[in-house]
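Have the viewer open and follow along, topic by topic.

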Amino acid sequence: MAVRPVSRMLQRVLRSSVRSCSTGAPVTQHRPGEPSQTAAEELSRRRQFLREHAAPFSAFLTDSFGRQHSYLRISLTEKCNLRCQYCMPEEGVPLTPKADLLTTEEILTLARLFVKEGVDKIRLTGGEPLIRPDVVDIVAQLRQLEGLRTVGITTNGINLARLLPQLQKAGLSAINISLDTLVPAKFEFIVRRKGFHKVMAGIHKAIELGYSPVKVNCVVMRGLNEDELLDFVALTEGLPLDVRFIEYMPFDGNRWNFKKMVSYKEMLNTLQQQWPELEKLPEEESSTAKAFKIPGFRGQLSFITSMSEHFCGTCNRLRITADGNLKVCLFGNSEVSLRDHLRAGASEEELLRIIGAAVGRKKRQHAELLLMLQDSPPAIPSISSQDPFRVQGIRHRGTFSNQMMILWKGGWVPQAPLLAQRLLGSVCPQRHCSSHLNSDANPKCLSAVSRTPGTPSGPLPTSDQLTHVDTAGRAAMVDVGGKPDTERVAVASAVVLLGPMAFKLIQENQLKKGDALAVAQLAGVQAAKLTSQLIPLCHHVALSHVQVGLELDSTRHAVGIRVSCRARGPTGVEMEALTAAAVAALTVYDMCKAVSRDIVLGEIKLLSKTGGQRGDFQRT
């Protein structure tokens with residue numbers, strides 16, 4: 001008897017003019033005979049609803065600096081049908097076996113997970129993504145993901161004119177086309193292949209199909225194409241293009257030459273001489289581009305200032321490589337294999353924890369290379385004693401003249417949590433290496449403690465000469481026979497960043513190999529005693545005491561290691577302390593490597609030493 005009322009209730013619900021999708025946004029269903037809304041009106045109304053009822057952004061995709069990563073780049077293939085000189089050697093590169101690449105289903109599974117957590121823009125890259133046979137199907141399936149606003153693609157344009165109608169029908173909403181020259185012969189020289197006219201056909205096909213703007217990426221290289229800046233900008237007068245000039249960037253294998261980089265300010269100055277009316281456009285949130293427009297032109301131009309003025313502070317991008325590794329920074333070497341966890345049967349929750357741990361380790365900024373040339377020095381940011389970035393000069397032996405100084409600006413690690421501060425010290429010192437060559441002084445490393453006025457602690461001046469080489473430059477052990485015996489103490493530290501899974505197993509002492517902390521402690525003690533057998537020119541030291549302490553840091557999912565060594569003799573024990581800290585860290589890695597290979601060993605450093613002719617050292 002209860003069936004009929006329930007049935008009538010369901011009928012009334014199904015006939016209702018409003019229903020809700022899984023986001024909670026109402027979706028109108030029209031009765032026969034009523035005028036229907038256009039798809040555009042419906043989409044606009046749903047987007048407005050989602051904006052007004054937006055859920056908090058995923059904690060898994062938010063890093064320790066508060067950056068929310070809503071943009072995911074997915075590499076569909078390592079293969080490319082061009083051989084651009086700044087990107088790939090002429091013979092190509094070794095390719096990952098097909099079985100190790102992400103399958104279409106794995107790509108969609110990961111994309112679905114990221115979109116569910118808040119990613120609203122996905123860009124497909126390569127290699128060259130348009131040589132993947134199922135690229136149209138991938139675009140179509142991505143477009144069905146609820147919450148995904150943009151599906152874009154970055155392509156060299158060779159296959160674009162042929163595939164774009166299908167891609168547009170599948171739902172492709174944004175296009176970036178790489179083109180570094182408007183001269184056909186120069187194009188063939190740069191990419192080592194023919195195809196200039198195919199790329200131009202692809203650009204015009206995109207305009208014909210209504211894409212606006214069509215983004216054209218141009219890597220500017222001194223002596224190769226910087227003379228074409230005006231020609232590229234002239235294209236924007238009659239075409240809806242966004243020509244994006246990209247500073248040449250240092251990737252491994254591109255035979256980086258500092259003189260090749262043309263800075264953003266130099267390019268802008270060139271264009272302003274031709275078009276003084278050039279207008280700066282407002283920058284969008286998380287944009288990597290500085291956009292400009294010439295009044296009256298249909299299109300615009302932009303600069304990607306990866307090197308001279310980085311945009312790390314607003315970075316919202318994550319990358320998945322063709323073989324399934326998650327990269328939180330394009331310039332970083334750190335990767336975590338989502339493919340391996342996916343194929344091992346990891347649940348959605350486990351994948352999110354792995355992703356969250358990787359995002360949480362993202363540094364404040366990438367390692368950028370700045371240069372200062374005597375002829376045309378770019379602006380170098382001033383460095384105060386309060387600057388949180390460690391800066392050091394690097395001298396390249398026999399490579400560059402003394403007219404060039406290269407500054408390596410390393411990424412700053414976020415302030416250590418309280419436990420780590422107590423264990424390791426909360427301030428990272430500055431280390432300066434002179435890169436100036438002159439007849440009066442040899443290049444030398446200065447104190448590891450900042451030499452700012454008023455610093456009370458620090459070692460006495462170090463020697464100008466290496467002590468472990470003889471007059472002929474050959475390795476030699478220091479003669480300590482004439483030195484007096486004094487009480488020597490040294491303290492060193494290290495940190496092992498484990499990630500949440502391995503950390504939890506250590507915390508609960510559930511590792512199959514046993515108690516990682518106890519084993520690492522014994523390994524550190526043993527290493528300290530065996531230092532002279534591991535480091536060739538170290539003297540054997542009769543240690544009177546070795547203490548190895550390990551503490552868990554739940555905020556960083558890390559193990560902090562602190563080692564103290566003591567002896568009475570003619571030589572110091574800092575090498576014993578450093579060796580013990582390093583081996584203890586390696587032991588933790590060995591105990592946990594079956595659980596995760598995404599373990600980082602770092603911050604191995606001397607904290608203090610006492611005794612000896614050169615005085616005491618205390619890292620501030």
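Predicted model: local features only at pLDDT ≥ 70, side-chain atom pairs only at ≥ 80, totals over all residues.

The protein contains 16 helices and 22 strands, and buried residues account for 43% of its 620 residues. Of the contacts between residues at least 6 apart in sequence, 68% join residues at least 24 apart.

**Around strand S5**

- How much of strand S5 (residues 150-155) is buried? The strand is mostly covered, with 5 of its 6 residues buried.

**The sheet of 12 strands**

- Strands S4, S5 and S6 belong to an open sheet of 12 strands with mixed pairing, in the order S9-S10-S11-S8-S7-S6-S5-S4-S3-S12-S13-S14.
- Strand S9 (279-280) and strand S14 (336-337) are at the edges; each has a single partner strand, so one side of each has no neighbour in the sheet.
- Helix H9 (residues 264-274) packs on this sheet, where it touches strand S7 (214-220), strand S8 (241-247), strand S10 (289-293) and strand S11 (300-304). The direction of H9 makes about 155 degrees with that of S11.
- Elsewhere in the sheet, strand S3 (residues 71-75) and strand S12 (residues 317-320) run parallel and are joined by 4 bridges.
- Across that pairing, Leu72 stands opposite Leu318 in S12.

**Helix H3 and Ala111**

- Helix H3 (residues 104-116) has 13 residues and reaches 18 Å from its first C-alpha to its last, close to the 18 Å expected at 1.5 Å a residue.
- Buried residues in H3 include Thr104, Glu106, Ile107, Leu108, Leu110, Ala111, Leu113, Phe114 and Val115.
- Just after the helix, Gly118 takes a positive phi of about 130 degrees.
- Leaving aside neighbours within four places in sequence, Ala111 is in contact with Ile74, Ile122, Leu142 and Leu145.
- Ala111 and Leu72 are 39 residues apart in sequence, and their C-alpha atoms are 8.3 Å apart in space.

**Asn325 in strand S13**

- Asn325 is found in strand S13 (residues 325-327).
- Is Asn325 buried or exposed? With a relative accessible area of 13%, Asn325 is buried.
- What does its side chain meet in a polar contact? The side chains of Asn325 and Glu335 are joined by a polar contact of 2.7 Å.
- Not counting residues up to four places away in sequence, Asn325 touches Arg319, Ile320, Glu335, Val336 and Ser337.

**The sheet of 5 strands**

- A further open sheet has 5 strands in the order S19-S20-S18-S21-S22, and its pairing is antiparallel.
- Its edge strands are strand S19 (543-553) and strand S22 (617-618), each of which pairs on one side only.
- Strand S21 (residues 600-610) and S22 run antiparallel and are joined by 2 bridges.
- In this pairing, Lys609 stands opposite Phe617 in S22.
- Helix H13 (residues 500-507) packs on the sheet and touches S19 and strand S20 (558-569). The direction of H13 makes about 120 degrees with that of S19.
- Helix H16 (residues 574-592) also packs on the sheet, touching strand S18 (486-497), S19, S20 and S21. The direction of H16 makes about 25 degrees with that of S18.

Conventions:
Residues numbered from 1 in each chain as written. Heavy atoms only, no water. Pairing = 2+ DSSP bridges. Contact = heavy atoms within 4.5 Å. Axes fitted to C-alpha atoms, helices over the stretch in contact; angles between N-to-C directions. Expected span 1.5 Å × (residues − 1). Buried < 20%, exposed > 50% of the residue type's maximum accessible area, 1.4 Å probe, protein only. Polar contact = N/O pair within 3.5 Å; in protein donor to acceptor, adjacent residues only side chain to side chain.
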